[in-house]
Amino acid sequence: MNKKIKDFLFQNKVVILFVILCVGATIASKQPLTFVIPELFTRIARNSFIVLSLIIPVIAGMGLNFGIVIGAMAAQIALFLTTYWGLTGISGFIATVALATPFSVLFGYLVGRLFNRAKGSEMICGLVLGYLAEGFYQFIFLFVFGGIIAMNNPTLMIATGVGVKNTIDLKDTVKYALDTVPMLTILEIGFYVFLIATACSLGIKFFKKQAVDWKKTGLTVGIAVVIYGLSFIKPIEQFLSADRLLLLSAVEVLCFATVVWQVLQFVLFKVVKKNSEDAGPNTYDPRRSLAYIGAAAVVYGLTYIPALYNVLIMVKLPVMTYLCIAALCGFNNILLRTRLGQNMRTVGQSRVVANAAGINVDRTRIIAMIFSTVLASWGQLIFLQNVGTMSTYGAHTQVGQFAIAALLVGGASVQKATNKQALLGIVLFHTLFIVSPLAGKELFGDPVIGEYFRVFVSYGVIAMALAMHAWKKVAKPKEEDSVSIDESDSQILRV
Amino acid sequence: MKSMINKFGLPRIIIAGFFLLLVMGAAYFDMNMPQLMGDVLRRWGMFGILALAMVPAVQCGIGLNFGISMGIVGGLLGGIIVIQLNIAQNPALVAIHPLFAGWAAILTAILIGVVLAVGIGYLYGLLLNKVKGSEMTVTTYVGFSVIAFMNMVWMLLPFDNGELIWPNAGKGMRNTISLASSFSEVMSKTGEFSIGDFSVPTGMLLFFFFMCFLMWLFMRSRTGLAMSAAGANPMFAKAAGINVDKMRLVGTVLSTVLAAVGILVYAQGYGFMQLYNGPMMMGFTSVAAVLIGGATPKRALIVHVLVGTFLFQGIMTLGLPVVNQILPEGNLSEVMRMIISNGIIIYALTQTKGGDGRE
């Protein structure tokens with residue numbers, strides 16, 4: 001047991017260190033939680049997507065993708081163009097996404113091609129590539145826009161007409177476009193999308209003459225209709241038509257949903273048990289259900305503590321943005337279960353083995369890069385629509401570094417990264433980001449020290465992770481073969 | 001013809017061609033050629049030693065040393081201490097000759113910088129011996145971290161000379177420290193002569209060549225040869241009884257020391273010392289310079305430093321006025337610098353087969 005605890009502490013040393021650092025800095029900053037927590041939730045909404053876009057290349061064995069900067073640049077080119085064309089609101093945002101995607105697919109493809117020529121030094125290559133791309137980016141924004149492509153818009157362009165201004169205000173265009181999609185709209189669109197998807201799948205099954213599980217389909221459609229119908233009840237409609245969700249309500253809904261879900265499972269379990277005794281080993285455990293329900297009750301009870309209550313009513317969640325983040329987490333998980341994801345994992349473990357197994361290594365790596373670049377560009381758009389202004393020549397420069405640092409703070413490494421680590425990392429890293437200037441002011445009388453400190457942390461944590469990775473790589477051949485095989489096996493399981 | 005291209009290298013031909021194009025452009029726009037050429041020489045001498053720092057690093061096998069910022073930090077500290085002590089204004093020294101006082105100041109700064117750099121370089125070398133095969137990635141980020149760490153140190157160091165700290169009782173040291181009252185241009189001004197507008201910073205160039213000469217001597221010494229052997233083929237060197245790790249350490253320390261010297265020479269030529277994020281990207285500039293000169297991550301010679309720095313700085317010096325004639329808006333020469341210096345690094349990285357090469 002003692003050894004277990006020691007192992008746990010050792011394996012999570014980075015996370016533990018940062019938890020201590022965050023708690024210490026928060027206390028030192030003397031800021032109330034009612035300030036820190038709402039700020040933190042804003043930053044989670046802004047930054048999660050782009051951090052999550054780093055996971056696929058790690059799985060494909062390409063390390064930390066410093067090339068996401070290029071995805072961010074694609075996003076900014078698209079955003080500039082749609083702003084210039086005067087597209088606004090959520091439709092403008094969707095148009096921007098649609099425009100950014102082909103750009104980033106192309107860029108991702110090119111980056112992937114380049115990385116295939118520099119196998120083993122992707123990270124340094126990606127870093128330098130970011131600086132190189134910065135050169136091209138500035139060329140486009142300073143000379144091509146206005147210089148070669150005639151553009152006439154005094155609010156966007158520099159007075160001479162050649163080159164784009166330093167900052168672009170998105171206040172009247174796409175600011176909060178995604179954040180403020182009302183829940184009602186989401187529900188409505190989700191309902192119709194679900195209906196269409198069900199119809200399509202039925203049609204395909206019918207066409208292919210496969211058996212259709214009418215009972216199950218009917219049940220799911222019924223549930224969907226009921227949920228959709230619920231939204232017509234006045235109080236629920238009012239609740240849903242708000243564009244932001246109060247964290248308090250979110251917690252309450254979550255507790256309620258957990259209870260309903262567990263009760264449902266319990267009922268199903270009873271029904272199934274009665275119907276068929278030979279349904280095979282059932283993994284359902286009623287005790288676990290009870291534990292979940294108990295936990296939900298406790299969490300709900302906690303919301304009545306005044307200190308916590310005050311924090312909870314301060315935070316308003318942008319629902320659509322959080323849904324997008326959740327969808328990306330789901331996508332990362334589902335991708336790993338597909339053939340492509342398995343290929344990526346094999347390539348990540350060993351290119352030789354993958355090659356021998358008939359996987360096209362170069363192609364798989366390029367696909368991983370395209371995914372990552374596209375996701376990064378979407379992430380940058382989510383970031384920019386929340387911030388509301390685009391610093392034309394600065395918004396993308398630190399993207400790669402901060403995203404990678406956040407991922408590493410969550411306990412990820414060069415070879416292994418999961419959704420959980422990404423999310424945990426964002427929470428820790430951004431807590432530190434919020435409080436460190438204030439802590440610096442309290443401790444040294446100067447907020448600049450705190451700012452330098454957080455930059456140092458972001459560089460330092462990357463340097464440490466890279467050094468640890470390289471160190472392991474050197475030390476590994478010296479160990480006995482059996483040990484290393486064990487290690488890679490357990491790694492497969494852990495991923 | 002083809003063998004000549006191979007020998008000279010395609011990128012070098014392109015860049016040399018570009019340089020000639022800029023020279024022609026400058027002539028076409030009727031610019032002050034002698035003055036521009038004098039500037040090229042000045043910047044050649046300024047940047048030369050920083051680029052020279054790549055030679056021992058590459059030769060000892062650690063590859064392109066993006067982490068020279070660590071040596072640079074040592075050099076900057078040396079410079080700051082000298083300004084704090086006010087050596088250049090010491091009446092006894094100024095009485096002999098103002099330039100002599102300046103020399104005393106910069107040599108003291110170099111001495112302090114070298115001592116610090118030896119210590120830093122040794123620790124840095126120990127780290128690099130642990131991360132064989134991924135030195136470039138690690139050194140880049142270790143270099144960045146050191147710069148970020150020093151940002152805090154610059155804020156907190158207890159220096160109080162008026163030249164160093166922010167005026168009106170601000171906290172910490174200035175971003176850019178003027179060397180006008182200490183060792184600004186002492187090397188450049190020593191033995192400087194001009195033909196018309198074409199001025200030659202003799203002292204600085206001589207110092208640069210002297211450093212190259214010392215490096216050249218070292219490379220031919222027993223240790224230098226052993227170091228090159230260790231870098232070129234570690235297995236073979238080990239079999240021949242060379243302590244590879246120790247040789248890598250020697251190379252790293254030398255590289256760091258040269259970076260410390262280099263930044264001080266650069267600062268005196270420029271007239272200012274830049275703290276905080278100023279030296280962050282200097283590693284990239286130096287790496288790009290030797291690569292343009294024909295070096296690879298496995299092999300770098302002094303001639304690569306001489307040619308590369310001249311071409312790179314030549315393009316930078318001529319690029320600004322010439323390009324501004326063509327496109328007056330914005331800062332295209334900065335864009336050009338980014339594309340050339342990072343493009344050449346990418347090119348070099350994709351030419352060598354991987355970092356570890358173990359497939």
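Student: Which residues in α14(A) meet which residues in α15(A)?
Tutor: Leu335(A), Leu336(A) and Arg337(A) meet Leu340(A), Gly341(A) and Arg345(A). Contact means C-beta atoms, placed from the backbone, within 7 Å. Helices are DSSP runs (H or I, at least four residues), numbered from the N terminus. This is a predicted model: local features need pLDDT of at least 70, side-chain atom pairs count only at pLDDT 80 or more, and totals for chains, interfaces and linings use all residues. Residues are numbered from 1 along each chain as its sequence is written, and chains are lettered from A in the order in which they are written.

Student: At what angle do α14 and α15 of chain A pack?
Tutor: About 80°, with the axes 4 Å apart. Axes are lines fitted to C-alpha atoms over the stretch in contact, and angles run from 0 to 180 degrees between N-to-C directions. So α14(A) is roughly perpendicular to α15(A) (65 to 115 degrees).

Student: New topic. How many residues of chain B are in contact with chain A?
Tutor: 38, against 43 residues of chain A. On the chain B side, α7, α8 and α16 each supply at least two residues.

Student: Which helix gives the largest share of that side?
Tutor: α8(B), with 13 residues.

Student: And how confident is the predictor about the complex?
Tutor: The ipTM is 0.85 and the pTM 0.86. Chain B averages a pLDDT of 84 (per-residue confidence, from 0 to 100).

Technical notes: Two residues are in contact if their C-beta atoms, placed from the backbone, lie within 7 Å. pLDDT is the predictor's confidence in each residue, from 0 to 100. Angles under 35 degrees count as roughly parallel, over 145 as roughly antiparallel, 65 to 115 as roughly perpendicular and the rest as oblique.
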